[in-house]
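Here's a quick tour for anyone opening this one for the first time. Have the viewer ready and follow along by topic.

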Amino acid sequence: MAKMTMVEAINMAHAWEMAHDPSVVVLGEDVGTNGGVFRATVGLQQRFGKARVQDTPLAEGLIAGTAIGMAAQGLKPVAEIQFMGFIYPALDQIASHMARLRNRTRGRLSCPVVLRMPHGGGIHAPEHHSESLEALLCHHPGLRVVCPSSPARAYGLLLAAIRDPDPVMFLEPVRLYRFARQEVADDGQALPIGCCFVLREGTDVTIVTWGAMTVDSLKAAEQLAADGVSCEVIDAGTLAPIDFDTILDSVVKTGRLLIVHEAPRTCGLGAEIAATVTEQALYDLLSPIRRVAGYDTVMPLYRLEHDYIPGVARIADAIRATLAE
Amino acid sequence: MSQQQIVARFEIPYRAYLDAEGAALGKLPAWVEDGELLRRMYRMMVRARTFDTKAVNLQRTGKLGTYPSCLGHEAAHVGVGAAMHPDDVLFTVYREIGTKFWRGVDLLDILLYWGGDERGTVYRRTPQDFPFCVPIGSQMPHAAGAALAMQIRGERRCAVAFVGDGGTSQGAFYEAINFAGVRALPLVCVIVNNRWAISVPVAAQTAAATLAQKAIAAGTPAVQIDGNDMVVTREVVGEAIERARSGGGPTVIEALTYRLSDHTTSDDATRYRSADEVAAARRLEPIERTRHFLQSRGLWTEAEERELKIACSEEVEAAVKQYLATPRQSTDAMFDYLYAQPTPAVRAQREEARRYAAVGH
């Protein structure tokens, strides 16, 4: 098995599925000759040809909209939005059509589309290149939203996303693209969408997080372990629909819940998780649910981005506060 | 057999005053007699290039974030700036430092912006100009809106908007020029066709023979120019601005140039275009031809060239020094400009951010 980065694993998943399913077509800005600005699609056009790996004109609404038409014709488009901050022109197509086509036509037409996009900040990128907009997507019924946190999970979840009969928004944390190498088997095995991944087992407090914040959450858990605190760290993995069974089982065990995300706090996904856990497990809670999130600000330019993105200290403080109550 | 008649015909003029060596192709516009103006324009082009070279070097040495070079665009950028009136309003993409410098934006502002500091959008001398616009094409409706405001108030001003070749594929571009056409808005749109949208060449962007002709469908006059020719750029943009300011409606100008650099410092253009193509484009670059043009009119000497290069380098070095000595903003800067009056949540989170700024986050 080869050790590889997340972006290499994403590339490998594309190649596997394109080799095994002729209906898979890749499209987006700079995905062909250039192999994508992060090189996620590098080599695919050379291997599978220009018909199956299409450089589109510079128009995100076009990319999302044409993916709908292609999907309804039986293709499986895997489209790249170059950065999540550029998704807004595509939102009309995603919200008004992609998420609804199955429902509008009583199942006659559907959209097995994957929209991949780099998610989050932390790499000193320019303005609009560091956005965490998962809540915008999770709010639209009809979409699945997935956010992997390791090379192997990226590989398995991208395969699952491409094979899913409905549209899947695939959020790729930019900070993790080349963060760590991991052995990934190129075996075509998908991981389940709609399931959490328990990254660290513990008994005192449950931390639910996703994407790049899994790294900081695990570090905080490690730090607290030295003080005898046992944290269970859960990578939500799929943000819509969320695997509440796993989260609730954990909360029943620990009695305490902390949710960590990079996106702004207000109306972030943490609020949804907190509300559902409150509804279903209030009497198992030993302390109020807490959230550590990005501030309710515009993502600042890069000199302040690490003041915006929650770090280990904020997470560790929140864990201690939860335990103190 | 059905009857057929042609109901409309269109043509796109191409205009240029200088050839690639800087020799006049024919009769020049009258303003070219203003030698001091020509010298100012040339000096600004060299200033922009000197800054640009330094900015790329700063990025390479880890002192600046991702930076989009303007190498090769100097005539188009400075020509537009020189055609504008101070009370016109400028809407750019993210590469047009020559235009911004002409209008009085500080070198330091540009360094701060690409250095990850929002204070680089303050623009003390052009309080109505918009900052760089990264989401492609999205500046176009803003320019149309500013033009509509000027029209509603009966002002003799106009909005000037840049867009790139890739930007002309965005819906917002069509929406804006369509609206400008139907309302005869005082809008001048300059499409800087530098042939490459990152790795995608214009031929893969559109089947249209020119980008200018996209304006035909909007009922807007359109012209293509040599964007490496500062004389034609100032002249044609100037004509469009005067027409817009006097109620004659919008114009779309396609300025042909070439992106001699990578898309940004994060890009590697050797992956997708040939060295031969770049070398051929380099022979058409604007600065040398402009210098030849000035020299042929007795407006420029070798001594002046040496002095200019030293002056530009000194000015850029001084700005860089100031940039590197600028302390980063406090965390309050994330919160203080979200609303005119901070909300309770903003005030509370501002305190939290201060706490973590003090102890580490």
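Before we get to the sheets: two strands pair if DSSP finds at least two bridges between them. With that in hand, take strand 6 (residues 144–146) of chain A, which pairs with strand 12 of chain A in the antiparallel sense over two bridges. Keep in mind throughout that this is a predicted model.

**Chain A overall**
- Chain A has 12 helices and 14 strands to find your way around.
- For 325 residues, a compact globule would have a radius of gyration near 20 Å, and chain A comes in at 19 Å, so the two agree.
- Buried residues account for 60% of the 325 in chain A.
- Take the contacts in chain A with a separation of 6 or more: 80% of them link residues 24 or more positions apart.

**The seven-stranded sheet**
- This open sheet of chain A has mixed pairing and runs in the order 3-2-4-5-7-6-12.
- At its edges sit strand 3 (53–55) and strand 12 (238–240) of chain A, each pairing on one side only.
- From one strand to the next, the twist averages 20 degrees.
- Back at the pairing of strands 6 and 12 of chain A, Val146(A) has Thr238(A) in strand 12 as its bridge partner.

**The five-stranded sheet**
- Here the strand order in chain A is 9-11-10-13-14, again an open sheet with mixed pairing.
- Look for Val208(A) here: Ile259(A), in strand 13 of chain A, stands opposite.
- Helix 12 of chain A lies across strand 10, strand 11 (231–235), strand 13 and strand 14 of chain A, and runs at about 165 degrees to strand 14.

**Where chain A touches chain B**
- The contact draws 33 residues from chain A and 38 residues from chain B.
- On the chain A side, the elements giving two or more residues are helix 11 (305–308) and helix 12 (312–324).
- Helix 11 of chain A supplies the largest share of that side, at three residues.
- By type, the chain A side splits into 16 nonpolar, nine polar and eight charged residues.

- As background, most residues other than glycine have a negative phi, and most peptide bonds are trans.
- Which peptide bond is cis? Look at the one from Ala240(A) to Pro241(A), where omega is near -5 degrees.
- Pro241(A) belongs to the loop between strand 12 and helix 9 (244–254) of chain A.
- Arg39(A) has a positive phi, near 70 degrees, without being a glycine; you'll find Arg39(A) in the loop between strand 2 (24–28) and helix 2 (44–48) of chain A.
- With 17 other C-beta atoms within 10 Å, Arg39(A) counts as partly exposed.
- His128(A), also not a glycine, has a positive phi of about 70 degrees, and is placed in the loop between strand 5 (114–119) and helix 6 (134–138) of chain A.

Conventions
Residues numbered from 1 in each chain as written. Chains lettered and ligands numbered in written order. Predicted model: local features only at pLDDT ≥ 70, side-chain atom pairs only at ≥ 80, totals over all residues. Helix = DSSP H or I, 4+ residues; strand = E, 2+ residues; numbered from the N terminus. Rg over C-alpha atoms; globule rule 2.2 N^0.38 Å. Buried ≥ 20, exposed ≤ 12 C-beta atoms within 10 Å, placed from the backbone. Contact = placed C-beta atoms within 7 Å. Axes fitted to C-alpha atoms, helices over the stretch in contact; angles between N-to-C directions. Nonpolar A, V, L, I, M, F, W, Y, C, P; charged D, E, K, R; others polar.
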